[in-house]
Amino acid sequence: MGTKCGRWNPTAEQVKVLTDLFRSGLRTPTTDQIQKISSQLSFYGNIESKNVFYWFQNHKARERQKRRRKVLVDESINDEDMRIQLDNISSNKHFPEISTNHETDERVIETLQLFPLNSLSEYAETEKLRLFTEEYMRENMTFSCSIGAEMDHPTLDLRLSFFS
């Protein structure tokens, strides 16, 4: 069998020692620490200092990825919990405007229009006139105020709009 070159393939003992060091809190070993670790691990098989260095780099990166995945999973679980809670809240006892079709057990939700999406052309003519009148009055309303008959003051003109 010939000698293998290329990729480092750690032995089980080397992986165990590296993992134990990582779990004990060693995250970024110094150059001296890397030298000592690699010389100790050479007892279990072929290893270079760069192998130790890259093993710690890769292990930190994988740990970060696992944490990120866990956060994403936890967030999706929380989102699902929120959906379940909202579904539970959306029952008839909380919102009487939600009716249930008992024949098909299908909920029918009535949506109230908070902000009208209709254009002015869709309003009835009387509604158009009322809106126009209100807007005109708002823009052009003038209040006259005289301060007593004995004083000769000009009429005070107060406009509701900010632009004259």
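How many helices and strands does the chain have? The chain has 4 helices and 4 strands. Please keep in mind throughout that this is a predicted model. Read from the N terminus, the order of the elements is α-α-α-β-β-α-β-β.

Let me begin with confidence. The average pLDDT of the chain is 75, and 53% of the residues score at least 70. In residues 143–149 the pLDDT falls below 50, although this stretch still has 8 contacts in the model beyond near neighbours in sequence. Where pLDDT is low, predicted coordinates should not be read in detail.

I turn next to the chain as a whole. Of its 164 residues, 12% count as buried. The exposed surface comes to about 14600 Å², with carbon and sulfur atoms supplying 56% of it. Among contacts with a separation of 6 or more, 32% are between residues 24 or more positions apart.

The largest nonpolar core has 11 residues, among them Trp8, Phe22, Leu41, Ile47 and Trp55. Helix H1 (12–23), helix H2 (31–41) and helix H3 (49–89) are the elements that give two or more residues to this core. In soluble globular proteins, nonpolar side chains tend to be buried together.

Leucine 41, one of the core residues, is in contact with Gln14, Val17, Leu18, Ile47 and Val52, leaving aside neighbours within four places in sequence. Serine 38 is found in helix H2. Is serine 38 buried or exposed? Serine 38 counts as buried, because its relative accessibility is 8%, under the 20% cut-off. With residues up to four places away in sequence not counted, serine 38 touches Ile47, Glu48, Ser49 and Val52.

Finally, the charged pairs. The count comes to 3 salt bridges. In helix H1, lysine 16 and aspartate 20 lie 4 residues apart, about one turn of the helix, and their side chains meet at 3.0 Å, N to O. Lysine 16 is exposed, at 51% relative accessible area, whereas aspartate 20 is partly exposed, at 36%.

In helix H3, aspartate 74 and lysine 70 are likewise separated by about one helical turn, and their salt bridge is 3.0 Å, N to O. Here lysine 70 is exposed, at 52%, and aspartate 74 partly exposed, at 31%.

The remaining salt bridge joins glutamate 63 and arginine 27, with the closest N and O atoms 3.6 Å apart. Glutamate 63 lies in helix H3 and arginine 27 in the loop between H1 and H2, so this pair ties together parts that are 36 residues apart in sequence.

Definitions and conventions. Residues are numbered from 1 along each chain as its sequence is written. This is a predicted model: local features need pLDDT of at least 70, side-chain atom pairs count only at pLDDT 80 or more; totals for chains, interfaces and linings use all residues. Side-chain values use heavy atoms; hydrogens and water are left out. A nonpolar core is a set of buried Ala, Val, Leu, Ile, Met, Phe, Trp, Tyr and Cys residues joined through side-chain atoms within 4.5 Å. Buried means under 20% relative accessible area, exposed over 50%, partly exposed in between (1.4 Å probe, protein chains only). Contact means heavy atoms within 4.5 Å. Accessible areas come from the Shrake-Rupley method with a 1.4 Å probe; for residues, only the protein chains shown count as cover. pLDDT is the predictor's confidence in each residue, from 0 to 100. A salt bridge is a side-chain nitrogen of Lys or Arg within 4 Å of a carboxyl oxygen of Asp or Glu.
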